[in-house]
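Colleague: Before I plan anything around this protein, I would like to go through the model with you. Could you take my questions in turn?

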Amino acid sequence: MTGSAGLGDAGAFGDEGDAGLLSPVSASPLVGALTGDRAVLAAILAVESGWAAVLEKAGLAPAGSAAVVSAAAEPGRYSVAGIARRAQGGGNPVIPLLADLRKNVQALDGTGIGAGRAVHTSLTSQDVLDTALMLLARNTVEALLGDLKRTSAALASLAEEHADALCVGRSLTQHSLPFTFGLRAAQWFHGVAAAGRQLEGLAYPVQFGGAAGTLAAGTVLASGSSSTPFSLADALAAQLGLAAAPAPWHTNRLVVTSLGNALAAVLDAFGKIAADVLFLSRPEVGELAEPRAAGRGVSSAMPQKQNPVLSVLVRSAALQAPQLVAQLHLAAANFNDERPDAAWHTEWPALRQLLALALGAAGHIRELAGGLQAFPDAMRRNLDLAGPLLLAEGVGAAVAPLLGAKDGLTGKEQLQAVVDQTLQAPSGEQAATYRKLLRDAVPAGVLTDLRLEELLNPASYLGEAANISRRILAAFPEYAAPPEPSFTDANGDPRG
């Protein structure tokens, strides 16, 4: 039937799963490859294959088992859509995947060595899925950190290149004090680098514990051998490149919530940059512009539009992250008994979506930072809009102590009266009005014309802006230099 063909028929969509049609920030081949359904399936199979290798090496599975299980664990042998549908029977994807894995192992065990005895022995579904998600997270975060470090290096370059570029600082949406674009870029760098360090400090531990977290089946398995359940778990961690765990963490979810917190911190830092670029690239502000690319920023109706779509996508990811992290914490607080029920299930999509959003946003922010156009002339134009009133704080600090009481007003109150009267003048006349009223209020013997002009020069009231920038960059030296590219994305561009 036209209009409804294929609805409910997975075959109409193939086996690709969610392609990100409504999440363009994470719709990329790299994100799909590292966080998609097939990546989850591959991670589960890697855990099962790794466990078989550990058991064989420990003499707890027949010789040759690991090779058979490894061949049977080739992800291309399995239907993601089929396993997803069948997962409803047991409540998680490990159960139907195991059934298929065992069939494949049996079919490939041509010499009849009993390789099936190496599959999932003494494990439980949560052991496998938690470990698989740690594997998925580790791989995703490695790619994410590559983009993050390229972003931070680009921001460090912006901070150094525009260290002296005057612009206006804004507070509560209003002009506040003279600022520099170099310091703004350094503060962006600070957020990204600090979040990166938090992300780098994470551990991705293997999960083990068996049906109730007591390692009862593992103890039976290892009895009579030189192995223990703990040595086997440590060997699995080494096999997969994960961290060893001191104990099962079936219901202690700090590992997951810490990962979620770190991913959210990264997206917070990205979101701050995106929010600033969205404002500063408005035509009436015009201080920044995103890098252009064919087909980017277009409108379906207005051919003249050049939308800052990189920032839009990054900000969309940042705005989704808090709710996803909240879901992880809500789940963690409701992990009942020794193995949880539905709370565990709510954790999986939230964590995977966080990983996908962070990695997707990282690719966009990398391109944004690397190609961001800065317009110092426009920055100075906007700075000058506030006129000398922008320096009122500095004038007050320098001049008020020099003024004696007059008409019952202290020096500070006299200068505040000058500001108040100036603000009553039309906006186009405020600069001249302030200068005149200030000159009238402060005797020449107290403040020379030359000193007055010095105080009204925005460059004279930047405080420690330059030193703050330098201190920030010096605090994160490993994030200020661009990393060596380790691989490329689908377009052949370096990714970390």
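Colleague: Which residue just after α13 takes a positive phi?

Modeller: This is a predicted model, in which local features need pLDDT of at least 70, side-chain atom pairs count only at pLDDT 80 or more, and totals for chains, interfaces and linings use all residues. Residues are numbered from 1 along each chain as its sequence is written, and side-chain values use heavy atoms, with hydrogens and water left out. Helices (H or I, at least four residues) and strands (E, at least two) are DSSP runs numbered from the N terminus. Just after α13, a positive phi of about 65 degrees is taken by Gly 387.

Colleague: Are α6 and α7 roughly parallel or roughly antiparallel to each other?

Modeller: Two packed helices are described by the angle between their axes and the distance between the axes. For α6 (residues 125-161) and α7 the angle is about 160 degrees and the axes are 8 Å apart, with axes fitted to C-alpha atoms over the stretch in contact and angles running from 0 to 180 degrees between N-to-C directions. Angles under 35 degrees count as roughly parallel, over 145 as roughly antiparallel, 65 to 115 as roughly perpendicular and the rest as oblique. The two helices are therefore roughly antiparallel.

Colleague: How many nonpolar residues does the contact of α6 with α7 have?

Modeller: Contact means heavy atoms within 4.5 Å. Among the residues making this one are Leu 148 and Leu 155 of α6 and Trp 188 and Val 192 of α7. Ala, Val, Leu, Ile, Met, Phe, Trp, Tyr, Cys and Pro count as nonpolar, Asp, Glu, Lys and Arg as charged, and the others, Gly among them, as polar. By class there are three polar, two charged and, as the nonpolar count, 15.

Colleague: Is Phe 270 buried or exposed, and at what relative accessibility?

Modeller: Phe 270 lies in helix α10 (residues 254-280). Leaving aside neighbours within four places in sequence, its contacts include Leu 148, Val 192 and Ile 365. Leu 148 is 122 residues away in sequence, yet 9.4 Å away in space, C-alpha to C-alpha. Phe 270 counts as buried, at a relative accessibility of 1%.

Colleague: What is the relative accessible area of Ala 369?

Modeller: Ala 369 is found in helix α12. Leaving aside neighbours within four places in sequence, Ala 369 is in contact with Thr 151, Ala 154, Leu 155 and Leu 158. Ala 369 is buried, and its relative accessible area is 8%.

Definitions and conventions
Buried means under 20% relative accessible area, exposed over 50%, partly exposed in between (1.4 Å probe, protein chains only).
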